[in-house]
Amino acid sequence: RDVLQMQQLLAIQAKVRERQAQLSGRMATLRERVWWMLAFYGTMGTASFVRMARLRRLEPLPLNVVPFVLVPYIVLYQADYAYGNKSERIHRMAEEIRREQHWFNEPIVLPSPSLRAKYLQMHADLNAERAAHGLEPLPHWAQ
């Protein structure tokens with residue numbers, strides 16, 4: 001019975017880590033995409049401002065100019081993924097997101113009280129072993 005509970009706890013912990021990895025990866029991808037979009041809109045805004053300054057009129061860029069700026073950004077975005085280090089940047093960013101306390105600090109609720117007792121015992125044993133090696137105790141990932 002103890003072995004089965006330990007297996008259940010390890011499977012739950014693996015699922016929690018998998019979920020955190022997937023969520024942080026999606027968040028990192030979106031953050032990276034937002035940076036590219038900000039660069040695009042910044043370029044469009046600067047070009048529009050320069051055009052208004054040269055014409056001395058309050059007339060922004062016409063919409064038919066957008067594809068001439070948008071298409072190079074799309075190509076550069078894809079080239080950065082294909083030939084650059086975008087995937088490494090996203091991976092590093094995902095690791096940083098997992099370390100941010102406000103995203104992944106809430107412990108999950110275990111489905112049964114018997115699992116909770118086994119979890120507390122397992123967690124105490126692991127932290128005692130870490131303390132014996134001079135390492136900091138791990139925070140609770142379940143309650």
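This is a predicted model: local features need pLDDT of at least 70, side-chain atom pairs count only at pLDDT 80 or more; totals for chains, interfaces and linings use all residues.
Local features need pLDDT of at least 70 and side-chain atom pairs count only at pLDDT 80 or more, while totals for chains, interfaces and linings use all residues. Residues are numbered from 1 along each chain as its sequence is written, and side-chain values use heavy atoms, leaving out hydrogens and water.

View 1. Look for K86, I90, M93, A94 and I97, which are buried (under 20% relative accessible area, with a 1.4 Å probe and protein chains only). Down the axis of α3, these buried residues fall within an arc of 105°, so they line one face of the helix; the arc is that of the directions from the helix axis to the C-beta atoms. They pack against α1 (2–55) and α2 (66–83), with contact meaning heavy atoms within 4.5 Å.

**View 2. L38 on the surface of helix α1.** Here you can find L38, which lies in helix α1. L38 is exposed, with a relative accessible area of 57% (exposed means over 50%).

**View 3. R56 in a loop.** R56 sits in the loop between α1 and α2. Its phi is near 55°, a positive value in a residue other than glycine. Most residues other than glycine have a negative phi. R56 is also exposed, at 76% relative accessible area.

How values were computed:
Helices (H or I, at least four residues) and strands (E, at least two) are DSSP runs, numbered from the N terminus.
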